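Have a look at the model first.

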Amino acid sequence: MKKDYIIIVAGGKGLRMGGEVPKQFLPVGGLPILMRTMLRFRVALPEVNMILVLPKAQQDYWHSLCKEYSFPAPSSAPLPWGEAGSGSYQLADGGETRFHSVQNGLALIPDDAEGTVGVHDGVRPFVSVEVIRRCYEEARRSHAVIPVIPVVETLRHLTKGTKPRNEYRLVQTPQCFDIQLLKAANRQPYNDGFTDDASVVESFGFAITLVEGNRENIKITTPFDLKIAEVLT
């Protein structure tokens, strides 16, 4: 039986935020960013098998946040999630790089599993339900999918001048793949060219399909992003 998985990667230290609390734990509209992200997937795909990847040093703090906000802690048993549906999630340790963190998340998926797995940034809480479903639906057909949006500003290369923006797209997440494809691709030795999961799969020799994303699906990285997030909430 084929199943859907989502690996939510939240390993950032939040250095660009300028504070001590990692950005994924900062509140937006009264709820930590990471919790908002997880709930969005529960709404879009209520039965999805969820894996949260967090650095080991942040896991105690996450457990304390779960208690504070009455949010489910990692468990293997189904837990109520109110209007967002029901389900549980597993916790994996963050790795040295995003590539290694995704590897650790994939390790919790059975080697013989069939279906679709998405990888999503924990600090992208405003991905639309429609985009999540669109990515999974297309991945079931074409096996490797990423959401993108048009570039609206002029691009300039530092040495080669202005570039036509209609030839470029901004890449978002969730990036969705056939489970066996992503597992095989992630067995490759790591290299610095692995900037996201699509680059790992492309390095493995598989083409990527592009689908339309949503512009609100920002990656909250800076204090300015946090201000935008409060408006979007």
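Predicted model: local features only at pLDDT ≥ 70, side-chain atom pairs only at ≥ 80, totals over all residues.

## Strand 11 and its neighbours

Valine 117 has phenylalanine 177 of strand 11 as its bridge partner.

## Aromatic pairs

How many aromatic pairs are there? The count comes to 6. One of them is phenylalanine 99 with tyrosine 190: the ring centres are 5.6 Å apart and the planes sit at 40 degrees, so this pair is tilted. Phenylalanine 99 is in helix 3 (residues 98–106), while tyrosine 190 is in the loop between helix 5 (179–185) and helix 6 (197–203), so the pair ties together parts 91 residues apart in sequence. Tyrosine 190 also pairs with phenylalanine 194, this time edge-to-face, at 6.1 Å centre to centre with 75 degrees between the planes.

As for cover, phenylalanine 99 is buried at 6% relative accessibility, and phenylalanine 194 is buried too, at 9%. Tyrosine 190 is partly exposed at 33%. Elsewhere, Phe25, Tyr61, Trp62 and Phe71 make up one aromatic cluster.

## Salt bridges

Searching the whole structure turns up 7 salt bridges. Among them is arginine 140 with aspartate 4, whose closest N and O atoms are 2.6 Å apart. Arginine 140 belongs to helix 4 (residues 129–142) and aspartate 4 to strand 1 (residues 3–9), so the bridge ties together parts that are 136 residues apart in sequence. Arginine 140 is partly exposed, with a relative accessible area of 42%, whereas aspartate 4 is buried at 18%.

Helix 4 also holds both arginine 141 and glutamate 138, 3 residues apart, or about one turn of the helix. These two form a salt bridge with 2.8 Å between the closest N and O atoms. Is arginine 141 buried or exposed? Arginine 141 is exposed at 59%, but glutamate 138 counts as buried at 18%. There is a network as well: Arg98, Asp121, Arg124 and Asp197 are joined by salt bridges that share partners. Within that group, arginine 124 and aspartate 121 meet at 2.8 Å, N to O. Arginine 124 is buried at 9% relative accessibility, and aspartate 121 is buried at 6%.

## Two sides of helix 7

Which residues of helix 7 are buried? Asp225, Leu226 and Ala229 are. Those residues span an arc of only 100 degrees around the axis, which puts them on the same side of helix 7. Exposed on the other side are Phe224, Lys227 and Val231.

Phenylalanine 224, in helix 7 (residues 223–232), has a relative accessible area of 57%. Together with Ile228 and Leu232, Phe224 makes a nonpolar surface patch of about 260 Å².

## A buried methionine

Finally, strand 4 (residues 49–54) contains methionine 50, which counts as buried at 2% relative accessibility. Arginine 40 is 10 residues away from methionine 50 along the chain, and their C-alpha atoms are separated by 12 Å.

Terms used
Residues numbered from 1 in each chain as written. Heavy atoms only, no water. Patch = residues over 30% accessible without salt bridge, like charges linked within 9 Å, V, L, I, M, F, W, Y side chains within 5 Å. Areas by Shrake-Rupley, 256 points an atom, 1.4 Å probe, with all protein chains shown as cover. Salt bridge = Lys/Arg side-chain N within 4 Å of Asp/Glu carboxyl O. Helix = DSSP H or I, 4+ residues; strand = E, 2+ residues; numbered from the N terminus. Buried < 20%, exposed > 50% of the residue type's maximum accessible area, 1.4 Å probe, protein only. Pairing = 2+ DSSP bridges. Phe/Tyr/Trp six-rings, centres within 6.5 Å; stacked < 30°, edge-to-face > 60°. Arc of directions from axis to C-beta.
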